[in-house]
Each structure stands twice: as C-alpha cells, then as structure tokens.
Amino acid sequence: MNKKRIVIIGGGSAGWITASILAKGLPSAEYDISLIESPDIPTIGVGEATIPPIIHLINYLDLDETDFINKIAGTYKYGIHFENWSTLGHSYMHAFGEIGKNSIDTSFTQMWLAYKSSLNLPPLNHFSPCAVAAYSNKFSRPSLPSDAHPEKYYPLSKLFYAYQFDAGLLAKYLKNIALNLGINYISDNVIKVTTDTDIGIESVTLTNNSVISADYFVDCSGTKGLLNKQALHCEYKCWDKYLPCDRAVVVQTKSLGAPFPYTKSIAMNAGWRWQIPLQTRTGNGYVYSSKHISDDEALNELSQALTDHEKINEYRVIKFQTGSLKTPWFKNSIALGLSGSFFEPLESTSIHMTHKYALELKNAFIYGTNMAEEATNFNAAFHKDSLSIRDFLIAHYCTTQRDDTSFWRDMQVLSRPQSLQSYLNEFEKTGEITLPQGNLFPYQSWLQILIGQQYLKNDITFTQNRPNQTDEEMKIFFTNIANSIQTEIDSLPTHSDFIRNENK
C-alpha cells in the first residue's frame, strides 16, 4: 500500500501545531508527513496569548500541562483587561467562563441587566469568578467538591483559563513533539513552486535543487502565503474597511514584577497595545493604523508608554492585512495559520484557528470519503468562524465613546457588516444577541464587551427579564453571589505561587 504524502511548508507555531496534530492523529502506516522549514525566517510571535479551547490541543497531544507551561515560559490567563477603550480612564475585563448563577427560568446576565440601575449593582466583572481571580492575581484550575449539590453555586468550578507564552519556545516545544512522532524534517528554503491546473500544487523545489512532491501540501508559510496566495492565486478577502489597523511595532521587555493572570489591551492614539506577562519577560506591541500615524510616531508612542520598562530586544515593525482566504483548502493545498487568515491579536484567536482547523484537516483525512466535499465543508466552516471573529473584533472599535483623536473619531463611524449591525440592534432592543450555533465567542463575551464599552445609552434596562421577587430579595441574591465568588477566590494561591508550587 502506497502511503499518502503530506508536506507542510513552514515551521513556526502554525507549522509545528499542524505537524504535531497530523503526526498524532494519522496512522504512520498510511501517511508520510514532512515539514520544510526555512532556516532564515524567524517566528513572528505577534500572538503570545490564547483562549480556553487551547486546552483541547494539550489534551489531544497528551501533554503534561506543567511541563508544557515551563518549557514555553508560560503563564495562565483568565481573560483580557481593556483600558481606555470606551473612554480615557475607563477599564473592564472580557473574562472567560460563566458569569453569576442562573435562576430556574432566567439567566444571571439578563437579571443583571434588569436590575443594574434600580439596585445600583456592581459592574459585571464582580460576578465573574475569572475576572475576580484575575484582578486578585490568584490562580487555580477549576474544582468542584466531591459532595457538590446540584442546586448550590460553586464559583471555583466556573474557572476557565488559557495560556500566555513565548511563541518561539512554543514552536520549539511542538517541534520536538512532532519529531518524536515521526515527522520528516527538512531545513531549507523553497525557491520554486510548480503548479498543476488539475491537482493544485505539483511540487516545490528547494535551494539544493531537490524537488519535493506530495498528495497534499499544507501552507504554513505565514502572511506571504507561498502556496495558496502566491502560487495558486486564491482570493484573499480583505477587511481593512472594517478593521483599519495594518501594522504593529513590537518589543520584549524585562518583567517589572510577578506576572498577572491576564492579558492587557490598552487603547492608544491610533490603535491599541498589548502587554503579555510571561515567566521570564513581558511581550509588548502596538497595533495601529498607518493611515492615522507613521511608524516613527507609533514607535515613539509605544516607547513613551514603556518608559519604566527595560528593553530586551529592538523595536520591530510588522506589516499585515486583516482578512481571510475565501478558499483556504484549494485543490490539494490547505492554508493554515497566518497563510489562511490574519486576525489582529485583540482577542488571541490566531492560534485557536490554527489548531482547530489542523484537527479538522486530520479528521477529513481519516473519515472523509469525498475529498472535494471535505474541502467544501472545511472552507464553509472556516469562513463562518472567520466572519464571527471579524464581527467580534469590529465591535470593540465601533462602540467606542472616544473622540480625542482622529483614529477614534473614525472608529465611531466605522463601516459595519450587516451581521454585526443586526447583533447591535437586537442588543439595544432586548439585551439579547442571537448568535449562530457554535459561535466561538458566546453571548456572555459579547455582553462583557458591549457593557464594558458603555454601549447602552440612557441607562436602558430590560425589566421584562425580572423574576417574580422583591427588590430586596434580588439585592440579597446579587450580594450573595458576589460574596461567594470573592470568598472562594480569596482562598486560592497567587498566580506566581501556583506556578512555583507546580514545579516542586
């Protein structure tokens, strides 16, 4: 039986995530998998944070989480802290996990919306176990007592987390995993791609003149898209009319103190900057619109913001174009990672899309009987996920209240896709958002952003969601939920102590 040959073009996070998933999931008796990595191209490392589905990757690869965290200089993450996004001086968190405790017939969030003004309730973050833990600099994995009662509320069981890490170390770690699983590794540059009208990619030629052919190619070559974009001329749907930021200036700095268990997103004059604390350093970057600010101005603004931080490396400007391929799976070539789409790292989605669709590709190889049909389904799902992420990112910008710079004034009149406008219209009228099934960001994520952005005007309340209880009873209910969360979180170790204790 001839083995099917799969060749992955490009290393980095995307290449090695894909390689490890395919090597783990495809029988070696039936598949031969190679990865070609250029020795001259460094990992971009823009996205050094993730969202909770990353846990599925760790479990799938049977990795020891503690070892994984230590090898990638990782920290844990409960959410993203947004600062100056709505108005200067205002902040909030998009926290993972559930918010509060639902009643029998009404969700907690709808009760909070109904009573937030009349009872002068605390902000939504006070009722999120993940937000309270993050701002308390505490960490634990979720836990539930063995004798838990189904009617009682256990805040620690609602803790959802992700990771923050050094992208270069992640690639190195997964490279070792993939090599141990039998991946063939080639360190060389692709100098020529030969295409075929019927099959797509026929072969690639390396600098040593060797010609590599395969049944399938996976394009993990980064934003340049060596195969699908350049060689096959697949259509790239650009989103710059919705998301005008097109550059980032990045730098690593020494840690100022103990790492906190969340990512920071701080709005700037022409975009926003991230701050991601790792065990050994802090990752920083300023995502901005080149139509509103020059590279030098952006570098200077970031430098001013990091006055108290000691640099580890030099500032580096990265150009990008937000958008997605219309057909990431085209003929025999599948684009994953930055080759298939670029989402600015506002909600840490890029690595998620890589490992989700690497798993989808693995499943297509194993269970698919009609590969053209598998490609169609793959592309449809990818397109749906891409647009849902796009809309969620746009919502952060177009709901701002800021008008202090030309960038933020332009954001207030930003073009909105009809899908996003429908969500916003529904939210204004009902406090609800009807999202597609399986949407990456659920209603509670949208609620935290829209409330945090102070999108609701004139203290609108939704009294139709009030249960049949007195205001005093509801005040006690909300107070008990908040107190229960804080009491439970207070018992947890600090984030740093948790990491330290895991290493003993």
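**Note on charged pairs and cysteines**

1. Arg 402 is buried, at 4% relative accessible area. Here buried means under 20% relative accessible area, exposed means over 50%, and partly exposed lies in between (1.4 Å probe, protein chains only). Arg 402 makes a salt bridge with Asp 404, with 2.7 Å between the closest N and O atoms. A salt bridge is a side-chain nitrogen of Lys or Arg within 4 Å of a carboxyl oxygen of Asp or Glu. Asp 404 counts as partly exposed, at 38% relative accessibility.

2. On the source: this is a predicted model, where local features need pLDDT of at least 70 and side-chain atom pairs count only at pLDDT 80 or more, while totals for chains, interfaces and linings use all residues. Residues are numbered from 1 along each chain as its sequence is written, and side-chain values use heavy atoms, with hydrogens and water left out.

3. How many salt bridges does a search of the whole structure find? The count is 19. Side chains of opposite charge can pair when their charged atoms come close.

4. One of the pairs is Asp 62 with Lys 24, at 2.7 Å from N to O. This pair links distant parts of the chain, 38 residues apart. Lys 24 sits in helix 1 (residues 12-25). Asp 62 sits in the loop between helix 2 (54-60) and helix 3 (65-71). Helices (H or I) are DSSP runs of at least four residues, numbered from the N terminus. Asp 62 counts as exposed, at 57% relative accessibility. Lys 24 is partly exposed, at 34%.

5. Glu 235 and Lys 237 also meet in a salt bridge, at 3.4 Å from N to O. Glu 235 is partly exposed, at 40% relative accessibility. Lys 237 is partly exposed too, at 38%.

6. Which residues are linked in a network of salt bridges? Glu 48, Asp 166 and Arg 281 are.

7. Now the cysteines. The structure holds 0 disulfides, a disulfide being a pair of cysteine sulfur atoms within 2.5 Å. Cys 245 is in no disulfide either, and its nearest cysteine sulfur is that of Cys 238.

8. Is each cysteine buried or partly exposed? Cys 238 counts as partly exposed, at 29% relative accessibility. Cys 245 counts as buried, at 1%.

Technical notes. Helices (H or I, at least four residues) and strands (E, at least two) are DSSP runs, numbered from the N terminus.
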